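Colleague: I'm new to this one. Could you walk me through a couple of spots in it?

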Amino acid sequence: MTDERMLTFIHSFDREKPDYLNELEQYSLETNVPIIRPQMQSLLRLLITWAKPVRILEVGTAIGFSALFMSEYAPKGCHITTIEKYEKRIPIARGNFIQYGKEHDITLLEGDAVEILSGLPDDGGYDLIFMDAAKGQYIHFLPDILRLLSPGGILVSDNILQEGELLESKYAVTRRNRTIHNRMREYLYALTHNDTLETMILPIADGVTLSVRRQMEEKDEQ
Ligand SMILES: C[S@@+](CC[C@H](N)C(=O)[O-])C[C@H]1O[C@@H](n2cnc3c(N)ncnc32)[C@H](O)[C@@H]1O
């Protein structure tokens with residue numbers, strides 16, 4: 001969404017990642033596995049450093065790049081639970097977690113997030129939830145995501161502007177995309193009009209929402 005020259009300028013200030021993350025990023029680019037872009041990497045790094053989450057939930061593991069990335073910058077003792085349904089990617093992600101010594105810090109749950117999320121207990125909730133799966137399904141995940149997000153917790157959703165297509169007239173997109181776009185608009189409305197959340201839509205990477213769950217006292221005071 002951001003102008004290319006502006007992006008190049010911004011990324012010229014990026015801090016180096018560990019070599020293994022650079023290699024995994026390169027592998028993902030070469031094999032067309034979608035992973036978080038540099039702007040999302042910077043945002044997650046900042047949020048994790050700031051919020052020091054103890055429990056992170058990710059929807060959409062792919063081959064584990066973002067889970068490993070978050071684990072790299074998370075405080076000691078932080079546990080990440082990540083969900084993936086694509087059988088071809090699951091063993092690669094699992095292998096990567098073992099290869100980089102993170103199999104005890106990251107739990108990979110296999111299957112469709114709609115079912116898995118509904119079965120997760122809300123014992124304390126998650127301090128940070130990262131949504132990076134099928135965009136048309138975010139709205140279906142939302143009731144469980146809200147149940148699982150702890151007070152003060154942060155919800156980050158990626159790819160919410162669909163390469164800018166979400167702004168196009170509904171007549172200019174295919175029927176399938178129209179359905180996805182309608183659901184995404186519904187999701188954005190639900191996030192921005194939910195009294196328990198404070199949400200901002202950021203036009204960075206492919207469009208990101210940042211939501212914070214209000215603490216109970218905050219809500220009562222309003
Ligand atoms: C953009 S990729 C995730 C990239 C990853 N977060 C990273 O940056 O390294 C999205 C992943 O979500 C998975 N996915 C999509 N819908 C899903 C669902 N309903 N349940 C579980 N996984 C899903 C896809 O198979 C795909 O691997």
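This is a predicted model: local features need pLDDT of at least 70, side-chain atom pairs count only at pLDDT 80 or more; totals for chains, interfaces and linings use all residues.

Colleague: Where is Ala 205 placed?
Modeller: Look at the strands β6 (197–202) and β7 (208–213). Ala 205 sits in the loop between β6 and β7. Its phi is positive although Ala 205 is not a glycine, with a value of about 45°.

Colleague: What about Ala 62: which phi does that residue have?
Modeller: Start with its place, the loop between β1 (55–59) and α4 (65–73). Ala 62 is not a glycine, yet its phi is positive, at about 55°.

Colleague: Is Ala 62 buried or exposed, and which residues does Ala 62 touch?
Modeller: Ala 62 has a relative accessible area of 9%, and the cut-off for buried is under 20%, so Ala 62 is buried. Leaving aside residues up to four places away in sequence, its contacts are Val 33, Pro 34, Glu 84, Arg 89 and Ala 93.

Colleague: How many Å apart in space are Ala 62 and Asn 182?
Modeller: In sequence, Ala 62 and Asn 182 are 120 residues apart. From C-alpha to C-alpha, the separation in space is 25 Å.

Notes
Residues are numbered from 1 along each chain as its sequence is written. Side-chain values use heavy atoms; hydrogens and water are left out. Helices (H or I, at least four residues) and strands (E, at least two) are DSSP runs, numbered from the N terminus. Buried means under 20% relative accessible area, exposed over 50%, partly exposed in between (1.4 Å probe, protein chains only). Contact means heavy atoms within 4.5 Å.
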